[in-house]
Amino acid sequence: MRNWTLGALVAALGLSAAGPAHAYKIFVSNERGNDITVLDGTSFQVIDTFAVGQRPRGIAVSPDGAKLFVCASDDDTIQVYSTADYKFLGTLPSGPDPELLVVSPDGTRLYAANEDDNLVTVIDLTTGARVVEIPVGVEPEGMGISPDGQTIVNTSETTNMAHFIDRDSQQIVANVLVDSRPRFAQYKADGSEVWVSAEIGGTVAVIDAASKAIKHTVSFEVPGLRSESIQPVGVRITDDGSKAYVALGPANRVAVVDGKTYEVLDYLLVGQRVWQLAFSPDGKHLFTTNGISNDISVIDVENDEVTQSVQVGQQPWGVAVADVPATTN
Amino acid sequence: MSATLPSRDLPRDTPAGARQAAEERPGFPLVAWMICLKGIVWREALRFLHQRERFVSALVRPLLWLFIFAAGFRQVLGVSIVAPYKTYILYEVYITPGLVGMILLFNGMQSSLSMVYDRETGSMKTLLVSPLPRWFLLSSKLAAGVAVGVLQTYVFFAIAWFWDVRPPWTGYLFVAPAVILSGFMLGSLGMLLSSLVKQLENFAGVMNFVIFPMYFASSALYPLWRVQEASPLLYRLCQLNPFTHAVELMRFALYGQMNWPALGIVLGCTTVFLGLAILAYDPGRGIMARRAPGAG
């Protein structure tokens with residue numbers, strides 16, 4: 001019995017310490033460096049850097065993990081790269097100044113927010129052609145998509161609204177007024193709620209996906225920090241919906257919020273001006289881009305602990321994770 | 001010339017019995033060494049038990065720094081990454097190894113104070129007439145002082161844990177040898193100083209000329225890169241200060257890392273300070289010999 005317990009303990013320690021190496025890559029867009037930093041998901045070390053278009057911001061990976069989409073905002077295009085060897089595969093007609101984008105779960109469509117033109121551009125990924133441009137509020141930015149791909153949520157920074165767009169009719173079906181300067185929209189994995197962060201308002205609105213009503217508004221308070229420094233931007237929610245992470249910009253903190261009670265559980269200290277977030281494929285780690293300190297921080301999701309920060313390029317903005325082996329070519 | 005201990009090694013006022021015992025010293029059984037060690041450690045333990053205020057005050061000092069000073073310097077936006085830390089930390093976390101150094105520094109100086117006190121009250125004479133070698137008596141006294149310092153350190157760590165200073169739990173194990181070694185270094189420095197301080201009243205001088213400069217001109221309060229930005233001269237002084245290296249040794253150990261240069265410097269300084277202290281307390285050479293004619 002004792003041997004068995006000991007064996008189990010050793011096994012548990014071994015698993016937690018080393019863990020089965022789940023190979024994946026982390027891609028970070030460097031807004032000022034005009035390049036993408038690639039990190040190995042096991043060691044969290046930089047394995048490559050490749051140049052992309054001007055002012056890369058929002059980035060996303062296709063559902064099969066093969067392609068990386070990069071909003072090259074100052075080049076007015078979305079560039080496509082191979083996640084395996086970083087080869088340039090082409091561009092997509094995003095319209096001017098694309099900032100954030102989202103790919104449908106089936107990988108057939110891409111939705112991009114055009115900040116300067118008050119549009120959401122829909123692109124067919126099978127043909128690479130623009131399908132339609134949907135007019136939304138002023139300065140559209142955040143893009144979220146429901147797990148079934150049926151509803152797309154766009155936030156407009158100046159109109160202070162979350163626009164719910166129906167995939168099939170390509171029309172706005174609901175507008176929800178949120179706090180000032182909404183930056184990001186994120187659905188829960190079960191599709192029940194949409195969390196929308198408001199940068200100037202300093203809050204996150206939890207919107208019921210069915211009724212489109214705000215169920216709760218999460219506000220943040222960090223002792224010793226002025227409320228103006230707390231600017232919620234990136235939001236990510238664990239697959240089981242138990243915890244949400246909110247990047248608080250110049251507060252240099254990521255807030256951990258209970259996904260059921262909406263209570264703020266903790267504030268994790270990361271690098272300066274934390275902007276966007278991404279989970280590892282196994283959900284065990286969360287990566288944050290820290291725009292001013294030029295690094296990313298790695299958060300251990302189980303323990304809500306920041307384990308390390310790694311230098312990347314100049315002004316890291318977006319982060320995406322691809323479930324592909326981290327081998328350099 | 002006698003084949004036994006030369007008589008110049010004994011203080012002139014050594015009682016005849018002790019002198020005879022020393023002269024007949026052929027080597028002692030292990031049990032004799034242990035009895036001596038136990039006597040010294042037990043006396044220190046008794047002193048510690050009877051002076052609870054000393055223990056409390058030794059704890060209050062770093063806690064005030066942690067709760068109040070660190071709060072003022074909180075740097076709510078985080079201290080820049082500096083080894084051994086892998087990410088951003090709050091100032092409380094940065095200052096903790098320095099405060100452990102402070103505990104050990106004060107503890108070492110307190111031991112030195114108690115040696116001056118022992119000398120004034122005459123109880124040191126009782127200790128020094130032991131037939132066992134002088135280095136052993138001094139090292140035992142040092143070990144007793146370090147044991148108290150280690151205890152204070154871990155109580156401080158326990159309180160700091162509730163203040164969100166939470167290094168990995170293995171760090172608490174790894175830091176133990178670093179704390180002990182740093183305790184020996186600072187204790188032997190205190191012992192060396194105690195041989196120079198003639199009266200209890202002069203301890204204020206030790207405070208002003210040793211404790212404060214050692215503490216402030218080190219990496220205990222600020223990372224060295226920041227000191228370097230402020231003043232290259234101060235940065236140099238910090239690098240020359242053995243206390244800096246004791247703090248860095250403990251800081252790295254607390255996060256499971258070894259700082260080899262710091263270990264080398266702390267080991268070297270311990271050897272030099274302890275050697276000098278033993279020399280200083282050598283009746284033939286050190287302060288005891290110089291004091292002997294006037295001492296009463």
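In what order do the 4 strands of the open sheet that includes β24 of chain A stand, and in what sense do they pair? In this predicted model, the order is β24-β25-β26-β27 (chain A), and the pairing is antiparallel. Between strand β26 (residues 295-300) of chain A and β27(A), the antiparallel pairing extends over 6 bridges. Within this pairing, Ser297(A) has Ser309(A) in β27(A) as its bridge partner.

Another open sheet of 4 strands in chain A has the order β3-β2-β1-β28, again with antiparallel pairing. Strands β3 and β28 (316-322) of chain A each have a single partner strand and stand at the edges, so one side of each is left without a neighbour in the sheet. The twist from one strand to the next averages 20°. Strand β2 (residues 35-40) of chain A and strand β3 (residues 46-51) of chain A run antiparallel and are joined by 5 bridges.

Leu68(A) lies in strand β5 (residues 67-72) of chain A. This residue has 26 other C-beta atoms within 10 Å; the cut-off for a buried residue is 20 or more, and Leu68(A) is therefore buried. Apart from neighbours within four places in sequence, Leu68(A) is in contact with Phe27(A), Ile59(A), Val61(A), Tyr81(A), Thr83(A), Ala320(A) and Ala322(A). Two of these contacts, Ala320(A) and Ala322(A), fall within the residue range of the edge strand β28 (316-322) of chain A. From Leu68(A) to Ile78(A), the separation is 10 residues in sequence and 9.9 Å in space, C-alpha to C-alpha.

In chain B, several pairs of helices pack against each other. The axes of helix α4 (residues 91-121) of chain B and helix α8 (residues 203-216) of chain B come within 11 Å and cross at roughly 160°. These helices, α4(B) and α8(B), are therefore roughly antiparallel to each other, and their crossing is right-handed. On the α4(B) side, the contact is made by Met102(B), Leu105(B), Phe106(B), Met109(B), Ser112(B), Leu113(B) and Val116(B). These residues meet Phe203(B), Val206(B), Val210(B), Ile211(B), Met214(B) and Tyr215(B) in α8(B). By class, the contact has 12 nonpolar, 1 polar and no charged residues.

Helix α4(B) also packs with helix α3 (residues 52-72) of chain B, at an angle of about 155° and with the axes 9 Å apart. This angle makes α3(B) roughly antiparallel to α4(B), and the crossing of the two is right-handed. The α3(B) residues in the contact are Ala58(B), Arg61(B), Pro62(B), Trp65(B), Leu66(B) and Ala70(B). Their counterparts in α4(B) are Tyr91(B), Glu92(B), Ile95(B), Leu99(B), Met102(B), Ile103(B), Phe106(B) and Asn107(B). The contact of α3(B) with α4(B) has 11 nonpolar, 1 polar and 2 charged residues. Met102(B) and Phe106(B) of α4(B) take part in the contact with α3(B) and in the contact with α8(B).

For helix α2 (residues 30-50) of chain B and helix α6 (residues 134-161) of chain B, the axes come within 9 Å and cross at roughly 40°. The crossing angle makes α2(B) oblique to α6(B), and α2(B) passes α6(B) in a right-handed crossing. Residues of α2(B) in this contact include Trp33(B), Leu37(B), Glu44(B) and Phe48(B), while those of α6(B) include Phe136(B), Lys141(B), Gly145(B) and Val148(B). The class composition is 12 nonpolar, 2 polar and 2 charged residues.

Between the chains, 9 residues of chain B are in contact with 12 residues of chain A. The side of chain B that touches chain A has 5 nonpolar, 2 polar and 2 charged residues.

Terms used:
Residues are numbered from 1 along each chain as its sequence is written. Chains are lettered from A and ligands numbered from 1 in the order in which they are written. This is a predicted model: local features need pLDDT of at least 70, side-chain atom pairs count only at pLDDT 80 or more; totals for chains, interfaces and linings use all residues. Two residues are in contact if their C-beta atoms, placed from the backbone, lie within 7 Å. Ala, Val, Leu, Ile, Met, Phe, Trp, Tyr, Cys and Pro count as nonpolar, Asp, Glu, Lys and Arg as charged, and the others, Gly among them, as polar. Two strands pair if DSSP finds at least two bridges between them. Axes are lines fitted to C-alpha atoms, for helices over the stretch in contact, and angles run from 0 to 180 degrees between N-to-C directions. Angles under 35 degrees count as roughly parallel, over 145 as roughly antiparallel, 65 to 115 as roughly perpendicular and the rest as oblique. A crossing is left-handed if the near helix is turned anticlockwise from the far one by less than a right angle, and right-handed if clockwise. A residue is buried if 20 or more other C-beta atoms lie within 10 Å of its own, exposed if 12 or fewer, and partly exposed in between; C-beta atoms are placed from the backbone.
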